[in-house]
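Please read the following report alongside the sequence and the model shown here. It goes through selected local features and then turns to wider ones.

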Amino acid sequence: MNHWVCKQASTFAWVMLTALLLGSSVGPVTAQERQMENELSAVERFRPVNELPQWTERYAVGTMTSQAPLRISGVNSQMTIGFGGRFDRVVTGATLRLNYQTSPAIIDVVTQVRVLLNNEVTGVIPLRANDAGTNQSVTLRLDPRLFAQYNELRFELLSEVNVGQCTSASPSAWFEILRNSELQLEYQQLKVADELAYFPEPWFDNNDFGSASLQFILPPQPELKETEALGVMASYFGMLADWRELKIEVLRMRLDEPEWDEDWRLRWPRQHAIVMLTNEERPWALRNYPQVATPQVEIIDNPAYPTYKLLVLAAPDAATLRDATATFVTGNRGLSGSSATINPMPLEPREPYAAPRWISIDQPVRFADLVDHPSELERSASNRSPIQLELRLPPDLFTWQQYGIPIDLRFRYTPPIVRDESRMLVSVNNEFIKGFTMTEAGMENAEERVRVPLIDGGLFADNNVQIPSFKLGAINQLQFEFSFGSVSDACRVMPLQNARGAIDGNSLIDLRGYDHYIALPDVHLFAKTGFPFSKYDDLSRTRIVVPEMLTDDIVQTLLSIVAKISAATGYPATQLTVSTVADIEPSADHDYLIVGSTTLKEWLERFGDDALQAQLQGHALSGQDNLLYQPDLALQNSGPSAAVVGFQSPFSTQHSVIAITATTDSYLERVRAVFNDASSTDQFSGFMAVLTPARVDSYDTIQPYYVGSLSWWKRFTYHLAQYPMVVTLLALFAVLILALSIVRIFQRRAQQRVVKK
Amino acid sequence: MRWFMQLREQWREVRRKQSRLSTAFYLFWLYLEVAMLNSRASEQFDHADQRLRLNYWFPHVNFQRPRWLDPIRLALQAVWLLLFETQQERADGLTQRNTDRTSILQRLNPWHHRRLATKPVQFATSGFERFFSTLLSREWIPSQTIRILITVGAALLVALVISIPMDATDQGLMLLFFWALALWVRNLQGRIPMLLMVLLSVIVSTRYLFWRVTQTINWDVPFDAALGILLLVAESYAWLILVLGYIQTVWPLERRVAQLPADLSLWPSVDVYIPSYNEPLSVVRSTVVAATAMDWPKDRLNIYVLDDGKRPDFKEFCEEIGVGYIVRADNSHAKAGNLNHALTITAGDYITIFDCDHIPSRGFLQLTVGWFFQDPKLALVQTPHHFFSADPFERNLSVFRSRPNEGELFYGLIQDGNDMWNASFFCGSCAILKRGPLEEVGGIAVETVTEDAHTALKLHRLGYNSAYLNIPLAAGLATESLSAHIGQRIRWARGMAQIFRLDNPLRGKGLNWGQRICYANAMLYFLNGIPRTIFLLAPLAFLLLHSYIVFAPAVMIAMYAIPHLIHANLANSRAQGNYRHSFWAEMYETVLAWYILRPTTVALFAPKHGKFNVTAKGGTIERDYFDLNISLPYLILIGLSLIGAGFGVYSLFFGPRDELLTVTLNLFWITYNLFILGGALAVAEEAKQVRASHRIRVDRSISIMTASEHSYAAELIDFASSGAGIRFYDELPLAPGDSIHVVMHHGTTRHGFPARVVSMRGLTIGVRFEFPDSAAERAFLRATFARADAWVGWRFNETKDQPLSSLREILGIGFRGYQNLAVRLAPPLAPVLGLINRGWGVIMSVLPQAPGTGEEDESLGV
């Protein structure tokens with residue numbers, strides 16, 4: 001079908017390609033777009049393709065940092081914006097156009113803003129009180145030689161204001177950068193050596209803070225095993241991408257020779273790409289790639305655009321390819337050279353809850369293990385942003401009747417000279433938990449036990465929060481903010497320069513002793529943590545169900561979802577299994593992930609729709625019948641919509657089915673987009689989320705089922721405690737019966753006592 | 001014209017006693033009343049219907065003598081009467097629900113309308129009552145097995161409810177229901193409502209304890225955990241005592257008197273033992289004489305004074321009135337040894353023991369011995385110890401005969417409840433024992449200092465029964481000073497702890513589980529020294545040391561602990577309210593706590609340590625004094641608590657916001673503790689007590705005969721063993737020093753007792769008797785102390801416990817304690833405190849009062 005489209009409408013292919021290329025570039029801004037359009041003009045195909053491209057990108061300063069507002073002032077006089085640089089390109093020119101406003105309180109001559117790039121002054125902006133209140137603009141040229149892989153742009157305000165007869169640093173002397181200020185960078189692409197030692201660069205660069213993008217080159221009709229191999233590879237990159245947006249594109253290559261000679265080149269991705277080969281199926285451009293007896297991995301030039309690289313994973317057949325991929329993604333450290341052979345190793349299925357990104361529930365976890373670098377636990381007067389620790393908990397922790405998660409908190413700080421406003425504040429997900437006063441008593445190593453509170457227990461607490469009942473969700477930010485007081489004498493208020501505070505890496509968070517038990521279906525958990533599939537982080541207990549016909553949309557969606565799950569767990573889905581509905585052997589040990597509307601339809605036809613109906617009951621879902629049951633009918637009449645829906649597995653009460661479906665497969669693109677956007681998945685809840693072009697609608701779970709293991713007693717009391725009125729009435733009834741029995745017994749006894757003999 | 005004449009007549013009549021202004025005021029109110037309440041003026045003089053009088057509705061306003069604040073009193077009282085239901089109305093509502101005889105004021109009262117609206121609730125209530133009474137009257141489930149199964153099922157359900165964890169909201173909801181039920185059945189008659197309340201209390205308290213054990217120990221902080229466990233142990237102890245107490249008291253047996261056989265020859269011979277060691281003859285004398293006056297065949301009644309003091313005057317006295325006098329070579333084992341020695345000498349079938357100050361009534365033997373004929377295994381009949389003098393609590397707090405005294409609970413209820421389980425035990429006096437079983441257990445036990453309880457325990461172990469006859473049949477003197485009282489309790493506490501160690505009722509053979517529980521409770525109760533001290537100190541752990549000893553949010557603590565306290569209080573008030581008012585136990589126990597702490601602890605570890613100390617009785621207290629030695633530990637506790645409270649108040653204003661609720665809870669706790677400790681101080685303020693022989697207030701018609709042999713009717717207002725107070729109706733030509741005869745009617749006989757007038761005040765005279773011989777003295781005792789019905793109706797079973805007013809009373813006592821202390825420490829403060837008291841009095845006098853409680857106004861002299 002794809003082939004047919006290409007043949008019929010070559011103009012369509014042009015547009016597609018443009019879109020693909022645009023989609024794949026980092027931080028798309030209009031200038032680049034124009035440039036690309038030029039490059040893709042008709043002349044383009046005759047230009048030498050190995051020329052190293054140059055282009056310009058513009059970044060709005062407001063999008064480069066989460067800080068808001070972008071303000072510095074007399075007492076908090078520094079601001080740092082960090083951004084990364086990719087390994088395979090170099091900055092050849094840089095301009096910073098700053099739009100800003102200043103305070104009217106500043107004193108002219110003295111006040112200035114220094115701009116530093118990687119600790120070297122690259123510009124000074126003198127400030128005038130007269131300019132206050134209007135938008136000012138200044139353009140600074142930054143020396144491209146200062147750029148490294150990780151760059152810090154720092155603004156320092158030197159200011160004073162008049163206070164009576166003194167001048168003083170003051171919060172009223174402020175300087176605020178407007179969010180539309182731009183950093184314009186000119187890039188030169190570099191050619192990368194064929195060296196596996198750098199892997200995963202250049203396909204994924206850890207210093208690139210923008211979105212990551214992956215191009216897979218597919219055979220026209222991939223086997224399930226090949227799809228699995230792709231999935232394993234995608235999950236590996238998903239794991240690496242972590243919080244970044246990850247765009248996955250698939251391109252089908254024809255095996256035979258194209259009809260006009262440059263065509264194949266235009267359809268190649270114009271960037272680093274990955275291809276997986278078996279001895280039978282080779283894209284035409286790689287038709288001469290040698291047959292392999294043992295699986296091997298090799299880096300070669302992209303045949304169409306030699307500037308870019310192609311990762312070739314070749315194996316004799318699809319099954320070997322799949323195993324080789326799994327071996328490669330788990331053991332690619334220490335490789336070097338341009339190619340390597342892979343001995344597919346059988347991988348043992350992993351233990352449940354072994355996900356590296358989840359906090360261990362077997363032993364207390366050190367804070368040092370939660371950060372990449374110890375320096376992240378330290379703050380100084382000039383950098384007061386809160387220390388952030390990401391806590392990812394196993395999503396199904398049973399927290400009922402627990403008072404909080406204990407944290408043994410140790411922290412150090414420079415003692416303030418006098419007791420002042422210096423404090424250390426602990427927050428969870430921006431919610432304040434506890435504050436500590438920093439004392440002058442030489443408390444250099446305070447040890448405190450803090451408990452991260454759980455939500456229930458409050459008398460008037462809003463009770464609609466289902467489990468997990470944390471103030472925590474499954475993903476949480478634990479924040480520690482050192483706020484240092486300012487030293488002041490009669491005339492001057494000076495910001496402290498030497499104040500330091502650090503959270504000890506040996507602080508412990510202890511999650512031992514929790515059970516796993518949770519009400520499902522919950523698409524929120526799925527979207528955020530991949531639960532229930534992520535319980536086994538190698539997806540060994542997951543079956544992904546796809547239709548017979550694997551369209552690009554299906555494959556892309558599958559790869560995106562698998563990558564997202566691995567991003568949540570931090571482990572590649574090495575045990576991934578993909579099958580069609582027809583092939584499924586009912587298994588009580590597996591959770592099922594259904595991709596595509598026809599798959600769902602087949603599934604429901606084969607295994608019945610009772611579990612789904614049970615969830616749908618009680619919801620007025622007439623409009624969604626089409627979406628869930630009769631996708632074909634919906635095509636013409638209603639607009640597109642997609643859904644993520646969960647229900648109980650027909651094979652086991654302990655397992656789940658989650659289906660990703662859409663009125664048309666092409667609309668699955670919406671699902672991929674939503675999964676790449678954390679703020680959209682925030683709106684997921686209940687058993688189903690329906691995605692329309694306008695918004696995300698969620699449907700509450702009315703009939704939950706519970707998975708996990710809990711002693712029967714806990715389970716019994718937990719469920720009973722949901723009905724306090726029943727318990728109360730039962731108690732009163734029991735009391736009445738007991739009272740009657742006791743009265744009877746006592747009466748008889750009393751009679752025996754006084755009527756003796 | 002007629003009404004004018006009537007008015008003039010009334011004016012004159014009132015004018016005879018009052019000034020013009022008062023008369024005008026009085027008549028104005030009178031006619032206003034007539035107009036308002038639609039009553040006829042003439043009826044006013046007949047006391048026709050109380051409710052139609054303003055005095056009834058405004059008891060605290062004296063309409064004849066208006067005072068400055070009367071308008072405020074009138075206004076407040078009027079508003080109160082209109083808005084709230086009075087106690088009287090409530091009582092009326094309960095007794096005559098359907099009568100429509102309501103006054104105008106009642107009709108104006110919204111509660112009246114509310115009562116109409118609550119008809120369905122009343123209907124349900126009466127239905128409930130009927131339901132209960134019918135439930136028990138018939139066999140509702142015929143099969144025994146099914147009944148057992150249902151009961152077990154209900155018990156399991158209750159266990160589930162106790163253990164199920166809930167969040168604060170649900171917990172609060174559930175407990176509101178429980179509370180509502182408890183309040184609803186509170187006023188219903190019968191055993192089932194009481195059992196319901198008790199069961200609810202047990203459930204709520206057990207639930208609280210379960211929650212405490214499972215969820216509130218902070219293992220994170222070892223220090224907190226240690227303190228928390230300490231508090232938890234104390235709370236577990238309190239819970240245990242609570243539950244055992246319920247088992248013990250929920251079903252008093254209320255045994256009646258058993259008849260003796262008509263054939264006198266079957267009546268057994270009885271030895272009466274009156275042991276004495278150092279008491280003066282004046283105290284012992286009445287007892288011995290009264291013992292000889294007991295109604296029992298003379299040939300089978302032998303009275304022995306067992307004198308360990310070996311005093312010649314005792315011997316002389318015994319010979320004089322013809323009772324046995326036994327001394328022994330040594331004084332080993334104190335009282336127990338003394339009794340055992342006598343046991344070897346005498347030969348009666350039954351042994352009756354009276355402490356030397358317990359004057360038996362003449363019917364003692366006739367009323368008690370009957371049960372031995374009913375039950376051949378019966379070895380002991382115990383009767384209450386009754387005191388006609390005030391114990392230190394009663395005297396120092398001036399509540400003699402207006403509140404149930406400390407012993408009331410034990411003798412009125414606990415022993416009676418023990419009897420249900422065949423576990424009422426010997427209390428050393430006022431009891432009759434069968435010789436056979438007593439000898440079988442080796443006589444009175446000598447291993448411990450509470451020989452009485454231990455002897456009973458030994459009897460029970462051999463399968464003998466005991467009985468408790470809840471009728472006061474002997475009366476004696478209470479301990480007269482707090483230190484003596486404490487000394488006595490220390491002995492009991494030590495003795496009980498000794499038995500607990502040496503002959504633990506929970507172990508060993510021969511007892512049923514009811515007996516084990518009752519004995520265990522009697523012994524465990526005296527271990528309350530440590531827990532009580534912990535409770536007094538616990539809030540300091542948070543306020544001073546900032547240690548979270550109950551590791552839970554304050555809301556949860558409140559949600560669990562407050563219902564626990566409320567239900568325990570409601571159930572106890574229902575079960576024991578007639579014998580001990582709410583909150584008084586706190587004070588009794590607090591006073592003793594510190595002093596029994598050490599002896600009980602020592603006795604638990606070294607049970608053989610310690611010796612018998614004799615309770616001093618019959619002494620006098622020459623003047624008011626403050627027993628500093630006794631109160632020193634409490635002063636220290638008060639000091640600590642005050643510091644804690646200070647810190648608490650400070651952190652209320654300047655402390656972290658998130659601890660506000662916790663601080664408040666602890667402050668409430670510590671304030672309560674402070675009031676209780678204040679009560680302990682108030683008790684230590686010894687009131688003076690100068691009479692050597694206690695006077696018993698009575699109100700009996702007698703006549704007196706003067707030396708000139710004129711006879712006059714008079715009223716006996718009080719008597720003692722050697723004197724009496726008499727009031728005449730008219731002035732008599734008598735002077736101090738005159739000899740008279742006091743003539744008392746006793747049954748059909750009359751006795752004249754020669755006496756000498758020693759004092760005279762108006763119509764009241766005091767006389768001292770001059771008995772010519774012991775027969776006359778015996779007759780006097782028969783007519784007074786030893787009358788069969790002497791102590792009947794003495795008890796205040798009618799005073800119903802009102803937990804809230806009881807609390808107010810205790811708080812008042814606590815406050816008084818601090819006031820006394822302040823005056824002692826800084827006498828110049830006295831006028832200030834006097835002013836505060838007067839101000840308080842004024843405020844209290846302004847507050848509304850229940851209608852009909854005012855003094856009868858005698859201003860008219862009608």
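## Cis peptide bonds and positive phi angles

A:P532 is found in the loop between α8 (523-529) and β33 (542-546) of chain A, where helices (H or I, at least four residues) and strands (E, at least two) are DSSP runs, numbered from the N terminus. The peptide bond that leads from A:F531 to A:P532 is cis, with omega near 10°, and another cis peptide bond joins A:L520 and A:P521, with omega about -5°. A:P521 is placed in the loop between β32 (515-520) and α8 of chain A. Most residues other than glycine have a negative phi, and most peptide bonds are trans.

The loop between α8 and β33 also holds A:L539, a residue other than glycine whose phi is positive, near 55°. A:L539 counts as buried because its relative accessibility is 1%; buried means under 20% relative accessible area, exposed over 50%, and partly exposed in between (1.4 Å probe, protein chains only). In chain B, B:C430 likewise has a positive phi, near 60°, and sits in the loop between α20 (406-420) and β8 (431-434). B:C430 is buried, since its relative accessible area is 0%.

## How the model is described

This is a predicted model, in which local features need pLDDT of at least 70 and side-chain atom pairs count only at pLDDT 80 or more, while totals for chains, interfaces and linings use all residues. Residues are numbered from 1 along each chain as its sequence is written, chains are lettered from A and ligands numbered from 1 in the order in which they are written, and side-chain values use heavy atoms, with hydrogens and water left out.

## Buried residues and their contacts

A:V292 belongs to the loop between β15 (273-278) and β16 (296-301) of chain A, and counts as buried because its relative accessibility is 9%. Although A:V292 and A:A315 are 23 residues apart in sequence, they are 6.2 Å apart in space, C-alpha to C-alpha. Not counting residues up to four places away in sequence, A:V292 touches A:N279, A:R282, A:A314, A:A315 and A:P316, contact meaning heavy atoms within 4.5 Å.

A:T325, in helix α7 (residues 318-330) of chain A, is buried with a relative accessible area of 0%. Leaving aside neighbours within four places in sequence, A:T325 is in contact with A:A229, A:V232, A:M233, A:M276 and A:L313. In chain B, B:T368 lies in helix α17 (residues 364-368) and is buried at 0% relative accessibility; with neighbours within four places in sequence again set aside, its contacts are B:V381, B:T383, B:I432, B:L469 and B:L473.

## Salt bridges

Side chains of opposite charge can pair when their charged atoms come close. A search of the whole structure finds 47 salt bridges over all chains, a salt bridge being a side-chain nitrogen of Lys or Arg within 4 Å of a carboxyl oxygen of Asp or Glu. One of them pairs A:D504 with A:R412, with the closest N and O atoms 3.3 Å apart. Because A:D504 lies in the loop between β30 (500-503) and β31 (508-509) of chain A and A:R412 in strand β23 (residues 404-413) of chain A, the pair ties together parts that are 92 residues apart in sequence. A:D504 is buried at 13% relative accessibility, whereas A:R412 is partly exposed at 37%.

In chain B, the side chains of B:R285 and B:E777 meet in a salt bridge (2.9 Å, N to O). B:R285 lies in helix α14 (residues 281-292) and B:E777 in helix α30 (residues 774-783), so the pair ties together parts of chain B that are 492 residues apart in sequence. B:R285 is partly exposed, with a relative accessible area of 27%, while B:E777 is buried at 6% relative accessibility. A network of salt bridges links A:K191, A:D194, A:D301 and A:K309.

## Chain B as a whole

The secondary structure of chain B comes to 32 helices and 18 strands, and buried residues make up 54% of its 862 residues. Among the contacts in chain B with a separation of 6 or more, 76% are accounted for by residues 24 or more positions apart.
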